Number of protein chains: 2
Amino acid sequence: MRGIELDRYDYQILEALQRDARATHQKLAQEVPLSASQIGRRIQRLEESGIIQGYHIALRPDLLDLSVTAFASVSLERHGEASIREFAAAISDLPEVLECYAVAGEADYWLRIVVQDLPSLSRFVMNKLMTLSLVRSVKSTVALEPIKHTTRLPLQPPAR
Amino acid sequence: MRGIELDRYDYQILEALQRDARATHQKLAQEVPLSASQIGRRIQRLEESGIIQGYHIALRPDLLDLSVTAFASVSLERHGEASIREFAAAISDLPEVLECYAVAGEADYWLRIVVQDLPSLSRFVMNKLMTLSLVRSVKSTVALEPIKHTTRLPLQPPAR
DNA sequence: GGTGAAACACGCCGATG
DNA sequence: CATCGGCGTGTTTCACC
C-alpha cells in the first residue's frame with residue numbers, strides 16, 4: 001500500500017509538523033525552502049492522501065486522574081475471521097483501550113490500557129475485558145513508570 | 001501530583017479537542033456553553049498548567065514506508081538508579097522507539113518500535129538495542145495488524 | 001508563487017454575580 | 001474579586017489570479 005510520491009520538501013514539512021503541529025505556513029517556510037502558499041498546498045495534498053491522518057492534542061494523564069497504564073495480552077477461543085472482526089469491534093468500543101495490536105507468539109492480542117487507579121483496572125479487566133465472549137485468557141501487567149512516549153515517526157527521507 | 005481544579009466546561013473543552021485538535025475557539029463555543037474568548041482563556045490556562053502537553057500530527061506509517069511495528073521486552077543487568085537513568089537516556093535517543101515503559105513482572109521494560117521492514121527490525125534489535133551496555137536480554141514480537149490506535153484518553157468528568 | 005478578502009486568536013474593556 | 005461576553009487589532013488561511 002504505497003501512497004503518493006513524496007519529495008524531500010514533503011518530508012521536511014512532515015518533520016517540522018511532527019515537532020510542532022501548530023506551526024503556521026509562514027513559520028514552516030522559514031525551515032523549508034518553499035513559499036508559504038506552496039507549503040499550504042502541500043499540506044492539503046498530504047491530508048487528502050491520508051498520510052496526515054489528523055491533528056491531535058496530547059494530554060497528561062496523571063494530571064487528569066488517570067494514573068494507571070497497564071498492558072494486557074489476550075488470547076481468543078477461536079480464530080476465524082468473524083471472531084477477529086467481532087473482537088476488533090468490541091475493543092474499538094472500549095475507551096480505556098488506547099492501543100491494540102494482533103501479535104504473533106504466545107498471545108493473540110496486545111493492549112495498552114489507561115485507567116484511573118488499580119481498582120479501576122481490576123474492574124475493567126474483570127468486567128469488561130474477560131466478559132467478552134471470545135476471550136479465553138487475559139494476562140495483565142501494570143506499567144511502573146513511563147520512560148518515553150512519542151507520536152513522532154522515524155521518517156526515512158528520500159536520498160535524492 | 002494533582003493539577004488545577006477543572007470544572008465541567010474544562011472537561012468539555014478537552015473532550016472536544018481530543019476529537020478535533022484544530023477546532024477554532026468559535027467552533028468550540030458551539031459545543032461548550034461559553035464565549036469564544038472564554039474558551040481561549042481556558043485553553044491557555046490548560047496549556048500553562050501542563051495538562052495540555054502539546055499538539056501533534058498523526059501520520060500513517062504504512063504510507064511512509066514504515067510497515068513494521070514490533071514490541072520488545074528488555075531486561076537489564078543491574079537495577080541501580082544510575083543504570084535506570086542511563087537506559088532511559090539511551091532509549092530517548094532512539095527514534096525507532098516510540099514508547100517505553102518500566103514494567104513489573106518478567107521483563108524490566110516494554111517498548112514499541114516502528115521501522116521500515118523486517119530486516120530493519122533485525123538490524124535495530126541486534127545493533128542498537130542489544131548493544132546497549134546495560135541490556136541483558138531482549139525478546140521481540142512483531143505486530144501482525146493494528147486493531148486500534150488512539151491518543152484519546154478516557155476522561156472522567158466531575159459529577160457536578 | 002504572490003495577493004486579496006474572510007476568518008481567526010488574543011489582549012483589553014466594562015459588566016456581572 | 002474572579003469570571004464572563006463583546007470589541008478591536010494583528011495574524012493566518014485559502015481562493016483566486
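Helix α3 of chain B, written α3(B), has 13 residues and reaches 18 Å from its first C-alpha to its last, close to the 18 Å expected at 1.5 Å a residue. The expected span is 1.5 Å times one less than the number of residues. Helices (H or I, at least four residues) and strands (E, at least two) are DSSP runs, numbered from the N terminus.

This is a predicted model, in which local features need pLDDT of at least 70 and side-chain atom pairs count only at pLDDT 80 or more, while totals for chains, interfaces and linings use all residues. Residues are numbered from 1 along each chain as its sequence is written, chains are lettered from A and ligands numbered from 1 in the order in which they are written, and side-chain values use heavy atoms, with hydrogens and water left out.

The buried residues of α3(B) are B:Ile39, B:Gly40, B:Arg42, B:Ile43 and B:Leu46. Seen down the axis of α3(B), its buried residues fall within an arc of 165°, so they line one face of the helix; the arc is that of the directions from the helix axis to the C-beta atoms. Buried means under 20% relative accessible area, exposed over 50%, and partly exposed in between (1.4 Å probe, protein chains only). An α-helix has 3.6 residues a turn, so residues three or four places apart point the same way. Among the elements that cover the buried residues of α3(B) are α1, α2 and β1 (52-59) of chain B, where contact means heavy atoms within 4.5 Å. After α3(B) comes B:Gly50, with a positive phi near 90°.

**Salt bridges**

A search of the whole structure finds 18 salt bridges over all chains. A salt bridge is a side-chain nitrogen of Lys or Arg within 4 Å of a carboxyl oxygen of Asp or Glu.

| Pair | Closest N and O atoms |
|---|---|
| A:Asp62 and A:Arg60 | 2.8 Å |
| B:Arg42 and B:Asp7 | 2.9 Å |
| B:Arg19 and B:Glu31 | 3.0 Å |

The salt bridge between B:Arg42 and B:Asp7 links distant parts of the chain: B:Arg42 is in α3 (residues 36-48) of chain B and B:Asp7 is in the segment before α1 (8-19), 35 residues apart. B:Arg42 is buried, at 13% relative accessible area, and B:Asp7 is partly exposed, at 25%.

B:Arg19 is partly exposed at 45% relative accessibility, and B:Glu31 is partly exposed at 44%.

In chain A, A:Asp62 is partly exposed at 31% and A:Arg60 is partly exposed at 24%. A network of salt bridges links A:Glu99, A:Arg112, B:Glu99 and B:Arg112.

**DNA strand D**

Residues around DNA strand D include A:Arg41, B:Ser37, B:Gln38, B:Arg41 and B:Arg42; a residue is near a strand if one of its heavy atoms lies within 4 Å of it. Of the atoms of DNA strand D that come within 4 Å of the protein, 67% belong to sugar and phosphate. α3(B) gives the most to the surface near DNA strand D, with 4 residues.

The side chain of B:Gln38 has an N or O atom 2.8 Å from a phosphate oxygen of DNA strand D.

Definitions and conventions. A polar contact is a pair of N or O atoms within 3.5 Å; within protein, one must be able to donate a hydrogen and the other to accept it, and residues adjacent in sequence count only if both atoms are side-chain atoms.
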